[in-house]
Amino acid sequence: MLLNSQFNLDSLGLMFSSPGSKLLPFVRRDGERDSRVGLRHPKGGWGTMPENDVTRFILAGTSNMCGATITNPIDVIKIRLQLDNELKKSTGVAAALQDRYYKGMFRGAATIVRDEGVRGLYKGLAASLMRESSYSTIRLGAYEPMKRLFGATDPAHTPLWKKLASGAVSGMIGSSIATPTDLVKVRLQACQSKPGHKPVYPGTIAAFKDIYSQGGIAGLWRGVGPTVVRATILTATQIPAYDHTKHTLLNLGLLGEGVALHVTSSMVAGFCTAATTSPVDVVKTRYMRQHHKGELYTSAWDCIVKSMRSEGVLGLYKGFVPNWMRIGPHTVITFFVFEQLRKLVGMPPV
């Protein structure tokens, strides 16, 4: 069978086809050559050079770790704002903004640096990278294989529902496995080191050990419910929004494959993701932050009810600006690096 296979060199790499397949370059609706290298099957489906899913997972994890490293300071500020004046009674926007320790994103950053030094903005970085190397590796790396399972054959014209379903399932799987790293990240980033106060956890490993000693294996998966819900919503929004925006722009001929297309699509995806995930992100942060179940909330639903009773609907959108400013750059960096790494190894773009 291998001897009967046909090989053809294209300007972007080596293509493989089975007997009877007709090799043609990808062509967009506008008639221009697409950057994808592959073959057009007689039945009309698109094929590509055989892709190594292991490589895709590695590239997905690497790109997400780059994004997390750069945006960690914003993540710390976001979590502090989400926990500021937690469950304090408020009757309106003005009341909700009064008496806060961290007064907005930029003044909050200045407060953290004053109290804890610049290192305070990088709290939880090790746990964050562990989280990205597991959770984000799975959710981004499994997205395209999941689309194939849903029957997607043409990246340029895949129905939106298949993209949403693929993102939701891959996010759900990744977060359910990597919840312990997310828990430790939140605990470390929420830990304030005010002058004269000793930090709860001296380091990442100490945090893992302390949580395990208090709650066992189950303790490491505290908050898995809201974490999975958030990851499902986030991945079902972020990756499909990028994917759909990108191919819409390509199909309309507004932009060609390249940096401008990647950045534009990432910015749209970042805003959509921040808008859909902010409320559940607040609930996840608050529920994971407590050291003992029932300390403040008995469940994620209890957290939602108590937060809304005390702080109103706005309480669920605390930290929205830093959340957006984190997810936006994180999304841009992640997809830009992901696309460039794919190009480097000869893998077709998303």
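This is a predicted model: local features need pLDDT of at least 70, side-chain atom pairs count only at pLDDT 80 or more; totals for chains, interfaces and linings use all residues.
Side chains of opposite charge can pair when their charged atoms come close. The structure contains 21 salt bridges. One of them joins Lys78 to Asp281, with 2.9 Å between the closest N and O atoms. Lys78 belongs to helix H1 (residues 53-83) and Asp281 to helix H9, so this pair ties together parts that are 203 residues apart in sequence. Lys78 is buried at 3% relative accessibility, and Asp281 is buried at 0%. Lys78 and Asp281 are also linked in a network of salt bridges with Asp75, Lys185, Arg230 and Arg326.

A salt bridge is also formed by Arg131 and Asp182, whose closest N and O atoms are 3.1 Å apart. The two residues, 51 residues apart, lie in helix H4 (residues 125-141) and helix H6 (residues 160-190), respectively. Both Arg131 and Asp182 are buried. In the salt bridge between Lys306 and Asp302, the closest N and O atoms are 3.3 Å apart. Here both residues lie in helix H10 (residues 300-311), four residues apart, or about one turn of the helix. Lys306 is partly exposed at 29% relative accessibility, whereas Asp302 is buried at 17%.

Five aromatic pairs were found in the whole structure. The ring centres of Phe271 and Trp324 are 5.1 Å apart and the planes stand at 70 degrees, so this pair is edge-to-face. Phe271 is partly exposed, with a relative accessible area of 40%, and Trp324 is partly exposed at 37%. Together with Tyr317 and Phe320, these two residues form one aromatic cluster.

Tyr212, Ile217, Trp221 and Val224 make a nonpolar surface patch of about 370 Å².

Key:
Residues are numbered from 1 along each chain as its sequence is written. Side-chain values use heavy atoms; hydrogens and water are left out. Rings of Phe, Tyr and Trp (its six-membered ring) pair if their centres lie within 6.5 Å; planes under 30 degrees apart count as stacked, over 60 as edge-to-face and the rest as tilted. Buried means under 20% relative accessible area, exposed over 50%, partly exposed in between (1.4 Å probe, protein chains only). Patches are made of residues with over 30% relative accessible area and no salt bridge: like charges are joined within 9 Å, nonpolar side chains (Val, Leu, Ile, Met, Phe, Trp, Tyr) within 5 Å. Accessible areas come from the Shrake-Rupley method with a 1.4 Å probe; for residues, only the protein chains shown count as cover. A salt bridge is a side-chain nitrogen of Lys or Arg within 4 Å of a carboxyl oxygen of Asp or Glu.
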